[in-house]
Amino acid sequence: MESILLWLAAILIAPFFSALILKVKAFFGGKKGPPLLINYYTLIKLFKKGSVYSNSTTFVFKLGPIVSCCTALTVLLFLPIAGFDPVFSFKGDVILVLYLLGLGRFFTIAAAMDTASPFEGMGAAREAYFPILCEAAMFMILIFFYRITGMVQLSAFFAGAGTAGLWQAAGAPLIFIVIALFIILLTENSRVPVDDPATHLELTMIHEVMVLDHSGPDFALIELGSFCKLFFYSAIISRLAFPFDTGIAGYNLGIFALVTGCVYLVVGVTESVIARYRMDKVPQFVLTSFALAFFATIITMEFIK
Amino acid sequence: MSQFFLAVITILCGGLFSLVLTGNKTLSRSIGVILISAGSLWGLLSSATSLMTGGEGVAAFSFLNVFEFVFRMDGLSAFFLMAIFLVCLVAAIYSYHYMDGHGSALGTAANYFFFSVLAASMALVVTAGNMISFLISWEIMSLSSFFLVIYNYQSEESRKAGFMYFVFSHVGVVFLFAGFGLMYGVTGTFGFDAAGAMPEGIKLAVFILTFIGFGSKAGVFPFHVWLPHAHPAAPSHISAVMSGCMIKTGIYGIFRVYTLLGLTTPAAGYLVLIAGIVSGILGVAYALGQNDIKRMLAYSSIENIGIILIGTGVGMTGVATGNSLMAALGFAGGMLHVLNHAVFKSLLFMGAGMVLHKTGTRSIDALGGLLKSMKITGTAFIVGSLAISGLPPFNGFVSEFFIYLGSFNGVGLSGGALVAGLCAIVSLAVIGGLALACFTKIIGIAFQGEPRTDAAVDKNEKGATMLLSMVALALACAVIGIFPAAFLNMALMAVGSLGLNMADIPLAPFGELTSNITFGAFIFLVLFILVAGIRALAYRGKPLAKSGTWGCGFTQPTVKMQYTGASYSGSILELFGPAVPVAEDHPPIQGRFPEKTYYKSQVNDVAEEQMNRRVVNPVLFFFDRLRWIQHGDTHLYIGYILLAIVLLLFFV
C-alpha cells in the first residue's frame, strides 16, 4: 500500500523537481525565472485545451503520447523509491524496464515520423541513434551490479540495505557508475550538452522537435511522461548518493527528496555552465559512460572474487 | 511418424495436382493452396502433439538395398517441424491472393509445385536420421528453393540472385560433405549415433566444417552474401518461407551436430557466440542501410540468426562450464527465438509483399503514407516491427529476455564464461537499439508521412487471404509475448533432446519467469488502458481541428522535403566506419546556371566485396585457364569419365 502511495507521490512531485532545473538556469542567467509550480500550471493548461491534428497523421500519432506516458508510469512501478520496496518486483524486472523505455521511444519516433515533417524526421533519427549507445552503457552497469549482487532486479540494487551493500562491496568503482548514470540521465532525458530543451532553432533539437505537432492533452501526457522518466533516473542516482537508512521512514523520505532535488540542481548547473556539443561529438560523450561502466566492472574482477 | 509422413505426402500432392491441373488457373491454384495448407496444418498438429507428449519415432526405408533412409523424430525435430509447418501453412494461405494474376498459369503451378517440394524437404531435413537421408533432403531443399528464387526468371536481377544462391548453397554443401565425410571416415557408418565416440580433435573439426556449411544456409556473416539477393527476388510468400524457416534448417543442423558430437570444449561455444555477435550487429547495421524493403528484411534475418546463435553460444558455454541454468536459459532463449523469428519475419515479409503487390515498388523512398490506405497491413507491420525489435509485450522480447538472463548467469562466473556473457549482453543491447532504429525507419518512411511518389497514392489492400494471414501472425506475436509459458515449455522440450542432463536443470525458475513476463505485460496493458481513459476524458467535448503539419514557419512544404531513408540512417552508419561503407554519388552544383543534379547512396556489403576480390576473381581467373578442357566433344568427355574411373580404381 505504501509503495503505491509513494508511486503516486512520485508522479505528482516529478513536475516540481523539473522546475528546479529551470530555476537554476534562470539564476545563472541573472533572471528571476518561472515559479516553482510552473509545470503544474502548464499541465493543467494543456489538459484544458483541445488539439489540432495534422492532416498527415494517423492513429499512431495519437498512440504515441499514450504509450510514452504509460511506459514511464509503468517503469516507476518497478523503482524502489527512497529505499522502500517498489510496487512490483521480480527477477529480471530491470530488463523489462529498459525495454519498456524502448517501447516508449519507438512510439515517440513513430509519432514524429507520422507528421511528414522533415524537422521531426531529423529529431527522430537522432532519438533513434543516441539511446543505442545509452542502452549498451546501461547494460554494462547492470553487469557491474550483477557482479556484486548476483541479481538482475531493481529492488536488489536500490531497496533496503542493497545500496549500502553495493558501496561496501565496491565503493570506488561505484563512483564511476554514478557518473556514468548521470551521463545516461542527461542523454536519455534530452538535457544539455546532448540536447537543448530550451533552444529556439528546430534544426538543433532532438526531443523537442519530435513533439512539435502535439498539442493539448496529448502534449500534457508527453510532458508528464518525460517528467517521470527524468525522476526515474534521478531517483536512482539519488539513492546511490545517499544509500543509508536512518531507521525512521519520514527522515528517509525527507533526505531522499533533498538529495533528489540536489541531482536536479546539478543537472541545472550542468546545463548552465556547459554548451551543447556538436551533434557528431555527442556519441563520444555518451560512450564515455559505457567506458566508465566497463572500467568499473574490470575493477570489480580484481577486488571482488 | 505415420502422421508426419501422411502430412508430407499431402503437401507433395498439393504441388503435383497443381501442376497436373495447370489448364484451369484458379483450380490449380486453389488445389495447391488447400492441400499444402491442409498438410501443413496436419503436420503442425502432429508435431505439436508429439512435442508435448514427448513422443519419439523412427522410420527406416531401404533403397535398392544400398542405402537406408532413416527418419527420426525427437523434441528438437518436432520443435523445428512446428515452426516449418506453421510458416508454410500461413504462407500457403497468403499466396492464394498474392499469386492472383501474377504471371502465367504454368508459372503459378510450378511455383506451387516447388513450394510443396520445399516444404516437404524441409520437414525431411529436420527429421533425417542418417547422413544419406539428411544430405538428399538438404539437396532437394536447396534445389527447390533455387527454382522458387528464379520465379521471375525474365528479370536479370532474379537470374543473378538465383545463380548466386545456387553457387552458395553448393559450396555450403561441400563443407557439409567434408564434415560428414570426416565423420564417416572415423566411424565407418552413415548413421549418426557413433559420432559421439570420436576423438575430441576430430569432433571439433567436424563441428567447424559443418558450422560453415550450415552457417552459409543460415546466413551467418560472412557467408550470408546470397541471402540479401535471393530473398527479395522470390515471391513474397516464398521469401517468408525462406526467411522464416528455410534458413532455420541451418540452425537446426548446428544444434543437431552439436548434440551428436556431444562437444564439451568451450572453443565451440565461443565460435558460435562470436559468429552470432558479428552476424547480429553487422546484420542489423546493414539492414539499417538498405532502402529496399525486402533487402532490409533479408539483412534483418541475418541479425536474428545472430541472436539465435548468441543464445546457442551462451548455452554451449554454459554446458562447457557446467553451469546448467546458464545452458538451459541460453538454449531455451535461442530455441524460442527460432519460433518467434519464424512468426514475425514471415509477417513482415507478407506485409512487404502486400506493399509490393499494390504499389509495384520495393524502394521505401518511393513510398510513404501507406498506413492511411492500408490500415490492416500497416498495423500488422507495426506489430511485427515491435516484436522484431524485441519490445514488450510482444514475442521478440521473451526470447531475448531469456538469452539476457542466461548471459547474466555467465557474468557471475569467471574467465571465458564471464567474457562470453559480457559480450553477449552488450551486443544484444546494441542489436536491440539498432533494430529499433531500423524498423522505425521502415515504418516512418514507407508507412507514415505523405506519399513520396504516385506509386504510393490511393492504394488499397484487397486480398482477404493475405490480410487474414497477417492478422493471424500479428495475433501470434502478441499471444506468445503475453503468455509465453506454453511456448517456453515447448522450447524446453526441444532443449531436452540436446543431450543436456535435464535432471540438473532447475525448471522452477522458468515457470516463475514466464509468469513474471505475463504479469509485466498485464501491468503495462492496465496502465495503458488507464492512460488512454484519462486521455479520452480530457478530450471529451473538445474541439479537434485538422490542419497542415507545422513547417517551422515555412509555408510551401512539398512531399519531397520529407526525411528520406538514407538521411535517417546516415549518422548511425557513420559509427560503423569502414565495416558498413556508404558509397555516395553526388555531382556538385556548379556555375551560375547549375545543371540538374542527383544524389545516390548505397551501402556496399563488405563481405561481398572482399569475397569478389579475394575468392571469386582468382577462381574465375584459374578456371579461365582451364577452358581448353571444355571443348564440347562428347567422345572425349566419355574418355574423361573412363580415365577418372580407372584412376580411382587404384585407390579402392
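Select chain A to begin: its radius of gyration is 19 Å, which agrees with the value near 19 Å that a compact globule of 305 residues would have. That radius is taken over C-alpha atoms, and the globule rule is 2.2 Å times the number of residues to the power 0.38. The model is predicted: local features need pLDDT of at least 70, side-chain atom pairs count only at pLDDT 80 or more, and totals for chains, interfaces and linings use all residues. Residues are numbered from 1 along each chain as its sequence is written, while chains are lettered from A and ligands numbered from 1 in the order in which they are written.

**Chain A**

Along its principal axes, the C-alpha trace of chain A spans about 60 × 40 × 40 Å. Colour the chain by secondary structure to find 11 helices and 1 strand; helices (H or I, at least four residues) and strands (E, at least two) are DSSP runs, numbered from the N terminus. The order of elements from the N terminus is α-α-β-α-α-α-α-α-α-α-α-α. Of the 305 residues in chain A, 59% are buried. A residue is buried if 20 or more other C-beta atoms lie within 10 Å of its own, exposed if 12 or fewer, and partly exposed in between, with C-beta atoms placed from the backbone.

Next, select residues 216-241 of chain A, which form helix 9. At 1.5 Å a residue its 26 residues should span 38 Å, and the end C-alpha atoms are 37 Å apart, which agrees. The expected span is 1.5 Å times one less than the number of residues. In helix 9 of chain A, 25 of the 26 residues are buried.

**Chain B**

Move to chain B, which has 23 helices and 5 strands. Its radius of gyration is 26 Å, close to the 26 Å that the globule rule gives for 652 residues, so chain B is as compact as a globular protein of that length. The C-alpha trace of chain B spans about 90 × 65 × 55 Å along its principal axes. Chain B averages a pLDDT of 92, and 99% of the residues score at least 70; pLDDT is the predictor's confidence in each residue, from 0 to 100.

Select residues 75-98 of chain B for helix 3. Here 24 of 24 residues are buried.

Then pick B:Lys217, in helix 7 (residues 200-218) of chain B. Is this residue buried or exposed? B:Lys217 is buried, because 30 other C-beta atoms lie within 10 Å. Leaving aside neighbours within four places in sequence, B:Lys217 is in contact with B:Ser169, B:Gly172, B:Ile247, B:Thr249 and B:Gly250. Two residues are in contact if their C-beta atoms, placed from the backbone, lie within 7 Å.

**Where the chains meet**

Show both chains: the contact takes 62 residues from chain B and 60 residues from chain A. On the side of chain B that touches chain A, the largest share, 13 residues, comes from helix 17 of chain B. By class, that side has 38 nonpolar, 18 polar and 6 charged residues. Ala, Val, Leu, Ile, Met, Phe, Trp, Tyr, Cys and Pro count as nonpolar, Asp, Glu, Lys and Arg as charged, and the others, Gly among them, as polar.

Finish at strand 1 (residues 51-54) of chain A, which 4 bridges join to strand 3 of chain B, the two running parallel. Strands pair if DSSP finds at least two bridges between them. Select A:Ser51, whose bridge partner in strand 3 of chain B is B:Leu544. For the complex, the predictor gives an ipTM of 0.96 and a pTM of 0.95.
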